[in-house]
Amino acid sequence: MNLETLNKWLTLLANFGVIGGLVLVAVQMNVNAERISLQNDLEMNRQLAAGELAVMGDSAATAYTNAIFRPAEMTETQLGQFWAYLHHALLASQNNWIAYRNGRASTDSWNHAKAQAAAHLGSRAARIWWAYDKFEFHAAFVDEIESELSKSDPLIIEEAMRQMLDEIRSLEVSTVKDT
């Protein structure tokens, strides 16, 4: 084998190395683009959630309990707080769904998030909110939540809270003295 033949083979191998390197760079760029997209989605949802937490304020519990126990007494402000609470809760579930779809969350984690979403929507008032607000979420996420809701008791939280309240109210007055 002469020097000219050896140079041709080395040039061919070098060209294959360059092509392989370019393919590797392209794959890495695609992976990075997916990660950046995922982080952008999650960051946007975090910012929305922070705003909703501010809207909920210190009296969100009153809004939530009025929605369940005294819906006719709910004020416009409480409706806004109730909306922010539910939107925040469903954004957290959607964040988990996004991470799951991108291989960043386990199936168990996503199943837990779906169950939590169904629980947050476990009252008549929450189901009304969902009917109006679900269009703000990813369609595939909505489909997953709708499927979960079809398997769950639509009033699970409402009934549980009413039962807990009845049981707590039936407790006898404590005879323990404050010290």
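Which element of the protein chain has the lowest mean pLDDT, and which the highest? Helix α1 is lowest at 70, and helix α6, residues 139-150, is highest at 95. Here pLDDT is the predictor's confidence in each residue, from 0 to 100. Helices are DSSP runs of H or I, at least four residues, numbered from the N terminus.

This is a predicted model, with residues numbered from 1 along each chain as written; local features need pLDDT of at least 70, side-chain atom pairs count only at pLDDT 80 or more, and totals for chains, interfaces and linings use all residues. Side-chain values use heavy atoms, leaving out hydrogens and water. The chain averages a pLDDT of 83, and 84% of the residues score at least 70.

Next, the largest pocket. On a 1 Å grid over the protein atoms alone, a pocket is an open set of points where a 1.4 Å probe fits, with protein on both sides within 12 Å along at least five of seven lines; lining residues have an atom within 4 Å of a point. Its volume, the space filled by probe spheres set on points joined across faces, edges and corners, is about 180 Å³. α5 (124-133) and α3 (76-101) each supply at least two lining residues. α5 gives the most, with 4. The lining includes W129, Y132 and F82.

Last, salt bridges: a side-chain nitrogen of Lys or Arg within 4 Å of a carboxyl oxygen of Asp or Glu. The whole structure has 6. In one, E146 pairs with K134, closest N and O atoms 3.0 Å apart. E146 lies in α6 and K134 in the loop between α5 and α6, so the pair ties together parts 12 residues apart in sequence.
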